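Subject: Structure handover

Hi,

Here is the structure for you to take over. My notes follow below it.

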Amino acid sequence: LHKIGVLTVVHLILGLPGETNEMMLESVRYLNHLPIHGVKFSMLHILKNTDLAVYYEEHPFEVFTLDSYVDLLLKCIENLSPEIVIHRLTGDGPKELLIAPAWSLHKRKVLNTIAHEMKVIADSGMEEILILTGESRAKSDVKYIGEACKLASKYFRMVGLEIYPVNTDEYRYLHECGADYV
């Protein structure tokens, strides 16, 4: 894909069963040697009615706490080439299906933690950030995205968005909150 000019973004799920912090950091360092444009970080989500849920019940394993995820995420960012765009810092599973980590459902707390993350990222020398939300208004409404833009614009020269379709008034609101491009 790189050879024909297609930008590639890697999804990196952190916290697989048996995976150590050093293994996760090694995965990040490996990305630095690939011809990729960006990376989307997410922690492992255990969802009901999946093989992983059965495995988790039969062989319980440790999942991230909010603090342990943030600590590892910051180390991942430190090990990531500044040439690679960070498209996502975290994710959340569907409320009705999520078994763990339950903290990922508390968006305000996660948003406050993201503010800290953004400061660390900005201190690493990055000047632009792209905020991605997925396609669900229910999980990331326009007000929530606006709050994220306000936080990001405190730390970054340019704030981009990749979100679901919104109307002109909503785009205007997001721009007023600090979004520079979509």
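For the surface patches, the rule is this: a patch takes residues with over 30% relative accessible area and no salt bridge, and nonpolar side chains are joined within 5 Å. Keep in mind that this is a predicted model.

Surface patch

Which residues make the nonpolar surface patch of about 320 Å²? Leu1, Ile4 and Val6 do. Ile4 sits in the segment before β1 (9-14). Its relative accessible area is 67%, so Ile4 counts as exposed.

Overall build

The chain has six helices and seven strands. Read from the N terminus, the order is β-α-β-β-α-α-β-β-α-β-α-β-α. The C-alpha atoms fill a box of roughly 50 × 40 × 35 Å along the principal axes. The radius of gyration is 17 Å. A compact globule with 182 residues would come in near 16 Å, so the chain agrees with that expectation. Of the 182 residues, 44% are buried.

Cys177 is in no disulfide, and its nearest cysteine sulfur, that of Cys149, is 6.4 Å away. Is Cys177 buried or exposed? It is buried, because its relative accessible area is 6% and the cut-off for buried is under 20%. Cys76 is buried as well, with a relative accessible area of 0%.

Aromatic rings

A pair of aromatic rings is described by the distance of the centres and the angle of the planes. The count comes to four aromatic pairs. One of them is Tyr55 with Phe61: the ring centres are 6.1 Å apart and the planes are at 40 degrees, so this pair is tilted. Another is Tyr56 with Phe61. Here the distance is 5.0 Å centre to centre, with 80 degrees between the planes, and the pair is edge-to-face. The cut-offs behind those labels are under 30 degrees for stacked and over 60 for edge-to-face, with the rest tilted. Tyr55, Tyr56 and Phe61 form one aromatic cluster. Phe61 is buried, with a relative accessible area of 15%. Tyr55 is partly exposed, at 39%.

Backbone

Most residues other than glycine have a negative phi, and most peptide bonds are trans. Two spots in this chain deserve a check against that background.

- Where is Pro101 placed? Pro101 lies in the loop between β5 (98-100) and α4 (107-123). The peptide bond from Ala100 to Pro101 is cis, with omega near -5 degrees.
- Asn49 is not a glycine, yet it has a positive phi of about 65 degrees. Asn49 lies in the loop between β3 (46-47) and α2 (51-58). Its relative accessibility is 78%, so Asn49 counts as exposed.

That is the list. Over to you.

Best regards

Key: Residues are numbered from 1 along each chain as its sequence is written. This is a predicted model: local features need pLDDT of at least 70, side-chain atom pairs count only at pLDDT 80 or more; totals for chains, interfaces and linings use all residues. Side-chain values use heavy atoms; hydrogens and water are left out. Patches are made of residues with over 30% relative accessible area and no salt bridge: like charges are joined within 9 Å, nonpolar side chains (Val, Leu, Ile, Met, Phe, Trp, Tyr) within 5 Å. Accessible areas come from the Shrake-Rupley method with a 1.4 Å probe; for residues, only the protein chains shown count as cover. A salt bridge is a side-chain nitrogen of Lys or Arg within 4 Å of a carboxyl oxygen of Asp or Glu. Helices (H or I, at least four residues) and strands (E, at least two) are DSSP runs, numbered from the N terminus. Buried means under 20% relative accessible area, exposed over 50%, partly exposed in between (1.4 Å probe, protein chains only). A disulfide is a pair of cysteine sulfur atoms within 2.5 Å. Rings of Phe, Tyr and Trp (its six-membered ring) pair if their centres lie within 6.5 Å; planes under 30 degrees apart count as stacked, over 60 as edge-to-face and the rest as tilted. The radius of gyration is taken over C-alpha atoms; the globule rule is 2.2 Å times the number of residues to the power 0.38.
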